Amino acid sequence: MPKSMYAIPGAPVPKPETPAGAVAGSARTVGEVLAESQVEAVFEELDRDLVGLAPVKQRIRDIAALLVIDKLRMNLGLAAQAPSLHMSFTGNPGTGKTTVAMRMAQILHRLGYVRKGHLVAVTRDDLVGQYIGHTAPKTKEVLKKAMGGVLFIDEAYYLYRPENERDYGQEAIEILLQVMENQRDDLVVILAGYKDRMDTFFQSNPGLSSRIAHHIDFPDYAVAELLQISERMLQAQHYHFGKGAAEVFERYLNLRVAQPHFANARSVRNALDRARLRQASRLFAERDRVLGADDLSTLTPQDILASRVFQTSNP
Amino acid sequence: MMTNPTGRITQGQFSFLPDLTDAEITLQIEYGLRKGYAWSVEYTDDPHPRNTYWEMFGMPMFDLADAAGVMLELQNCRKTFPNHYIRMMAFDSTRNVETIVMSFIVNRPANEPGFGLVRQEVNGRSVHYTVHSYATDKPESERYSG
């Protein structure tokens with residue numbers, strides 16, 4: 001087609017032709033690219049807001065480095081194929097898989113890998129239909145909504161139910177695979193779930209496993225990290241530990257970690273919520289006391305010591 | 001007299017321009033999404049100007065963030081109906097607007113036979129006029145086949 005003689009509203013103004021071999025962008029050093037894309041601000045935020053998770057942070061740094069180098073290569077006219085960034089997050093409950101996925105959309109957007117940077121979080125119910133012919137349109141609709149951003153499939157192993165051979169989950173997986181392969185530039189898929197169940201899920205769907213470039217394992221938190229997390233949670237809700245309460249909470253955590261059904265940060269959140277309940281009823285009992293801001297926002301050791309965990313472990 | 005010497009029907013936006021490229025369609029879709037419109041794809045083999053409601057290809061796409069999803073649907077429609085008219089429609093759901101605000105053709109058959117004017121004599125010397133699409137003289141499966 002000859003050069004268009006009309007202008008379409010919204011179209012970028014065509015640049016004058018550059019001679020062949022000329023550089024498209026100006027950045028030549030890693031520093032210049034970093035300054036353009038505010039990647040370092042992302043890293044700082046990540047280090048500040050997320051406790052622990054060293055392997056996860058390292059992997060994000062690696063991905064960022066690759067994208068920065070790709071940009072430099074592109075500036076010099078070297079062909080760079082967009083890397084596949086589909087990920088799987090595995091780890092025990094409460095290790096921050098969902099939180100990191102939310103961040104990931106933002107990070108990839110700042111790095112210029114996804115165009116819009118929104119996150120669509122779905123589970124099996126949103127992808128799999130209830131009758132024949134229902135699954136494909138449903139899955140496609142979700143995929144269309146996620147284009148330009150990140151599709152986060154929580155508890156992805158529920159998609160595949162080997163015990164029911166007529167289950168429609170397989171159909172959703174097939175459509176997912178097709179889009180993951182063909183529209184890599186438009187969409188990043190993140191699958192998340194508990195380690196052991198995800199492993200069996202990937203074993204029964206080898207096609208899915210091989211199309212995911214990054215298998216990231218989320219480690220459990222150490223007690224010191226959990227304590228740090230608890231302080232941040234309280235800070236966000238304008239509470240703080242009173243005198244001696246932090247030490248008591250550390251003792252609580254040591255006992256709780258050993259108990260069954262420990263869900264890392266989620267258990268910490270629940271424990272703090274229960275402590276807040278106890279603080280509320282403690283203050284509620286004293287009808288005539290004048291309560292200042294400090295009284296209302298302090299958790300005392302006795303609020304935490306009343307927990308069931310201390311009673312069951314010291315008979 | 002030929003009213004449309006290029007032999008192309010002109011309905012909706014951009015229809016006097018050369019066909020939009022995919023990149024240009026993407027830009028239009030992005031513009032609509034920024035305005036909060038919901039895009040949908042429609043097709044027909046009867047482009048009569050009074051044929052307002054074309055067949056829907058899939059559902060209207062609400063809550064999309066990026067044009068790639070709409071383009072995916074358009075490519076599917078092109079694959080299914082390569083020789084039909086296909087148009088993109090943008091629906092504005094703002095209260096009291098609630099109507100189509102953008103509409104343009106993105107796919108046309110290679111050969112468009114156009115329309116003829118039919119004169120019907122009634123009541124003495126009165127004449128009633130109507131526009132007739134030559135394409136609809138053929139059965140549905142043979143329209144625009146070549």
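Reader: Hi! How many helices and strands does chain B have?
Author: Chain B has two helices and six strands. Keep in mind that this is a predicted model.

Reader: Okay, and what pattern do they follow along the sequence of chain B?
Author: Going along the sequence, chain B reads α-β-β-α-β-β-β-β.

Reader: What does the C-alpha trace of chain B span along its principal axes?
Author: The trace of chain B spans about 60 × 40 × 25 Å. Chain B has 146 residues, and 23% of them count as buried.

Reader: And how much of its contacts comes from residues 24 or more positions apart?
Author: In chain B such pairs make up 53% of the contacts with a separation of 6 or more.

Reader: Let's pick one strand. Why would you call strand 3 of chain B largely enclosed?
Author: Strand 3 of chain B covers residues 85-92, and six of its eight residues are buried, so the rest of the structure largely encloses it.

Reader: Which way does strand 1 of chain B pair with strand 3, parallel or antiparallel?
Author: Antiparallel: strand 1 of chain B, residues 38-44, pairs with strand 3 of chain B over seven bridges. One bridge joins Ala38(B) to Phe91(B), which belongs to strand 3.

Reader: What about strand 4 of chain B, how does that pair with strand 3?
Author: Strand 4 of chain B, residues 99-107, is also antiparallel to strand 3 of chain B, again over seven bridges. Arg87(B) sits opposite Ile105(B) of strand 4, and Asp92(B) has Thr99(B) of strand 4 as its bridge partner.

Reader: How many residues lie between those two strands in the hairpin?
Author: Six residues separate strand 3 and strand 4 of chain B in that hairpin. In the turn, Asn96(B) has a positive phi of about 75 degrees.

Reader: Where do the side chains of a regular strand point, by the way?
Author: As a general rule, they alternate between the two faces of the sheet.

Reader: Now chain A. How far apart are the end C-alpha atoms of helix 3?
Author: They are 32 Å apart in helix 3 of chain A, residues 54-75. That agrees with what 22 residues at 1.5 Å a residue should span, 32 Å.

Reader: Which residues of helix 3 of chain A are buried?
Author: The buried ones are Val56(A), Ile60(A), Ile63(A), Ala64(A), Leu67(A), Val68(A) and Lys71(A). They cover an arc of only 135 degrees around the axis, so they lie on the same side of helix 3 of chain A.

Reader: What do those buried residues pack against?
Author: In chain A they pack against helix 1 (30-37), helix 2 (39-49), helix 4 (97-110) and strand 5 (214-218).

Reader: And which residues are on the face turned away from that buried side?
Author: That face of helix 3 of chain A carries exposed residues, including Pro55(A), Gln58(A), Asp62(A) and Arg73(A).

Reader: What follows helix 3 of chain A?
Author: Gly77(A) follows helix 3 of chain A, and its phi is positive, near 80 degrees.

Reader: How many residues does the largest nonpolar core have?
Author: The largest nonpolar core has 75 residues. Among those with the most contacts inside it are Ala101(A), Leu108(A), Phe152(A) and Val189(A). There is also a second, separate core of 18 residues, which includes Leu227(A), Ile229(A), Phe249(A) and Leu299(A).

Reader: What is Val189(A) in contact with, leaving aside its neighbours within four places in sequence?
Author: Val189(A) is then in contact with His86(A), Leu151(A), Ile153(A), Leu176(A) and Met180(A).

Reader: One more place: where is Thr298(A)?
Author: Thr298(A) is in strand 7 of chain A, residues 298-299. Beyond its neighbours within four places in sequence, Thr298(A) is in contact with His240(A) and Gly242(A).

Notes. Residues are numbered from 1 along each chain as its sequence is written. Chains are lettered from A and ligands numbered from 1 in the order in which they are written. This is a predicted model: local features need pLDDT of at least 70, side-chain atom pairs count only at pLDDT 80 or more; totals for chains, interfaces and linings use all residues. A residue is buried if 20 or more other C-beta atoms lie within 10 Å of its own, exposed if 12 or fewer, and partly exposed in between; C-beta atoms are placed from the backbone. Helices (H or I, at least four residues) and strands (E, at least two) are DSSP runs, numbered from the N terminus. Two strands pair if DSSP finds at least two bridges between them. The expected span of a helix is 1.5 Å times one less than its number of residues. The arc is that of the directions from the helix axis to the C-beta atoms. Two residues are in contact if their C-beta atoms, placed from the backbone, lie within 7 Å. A nonpolar core is a set of buried Ala, Val, Leu, Ile, Met, Phe, Trp, Tyr and Cys residues joined through C-beta atoms within 7 Å.
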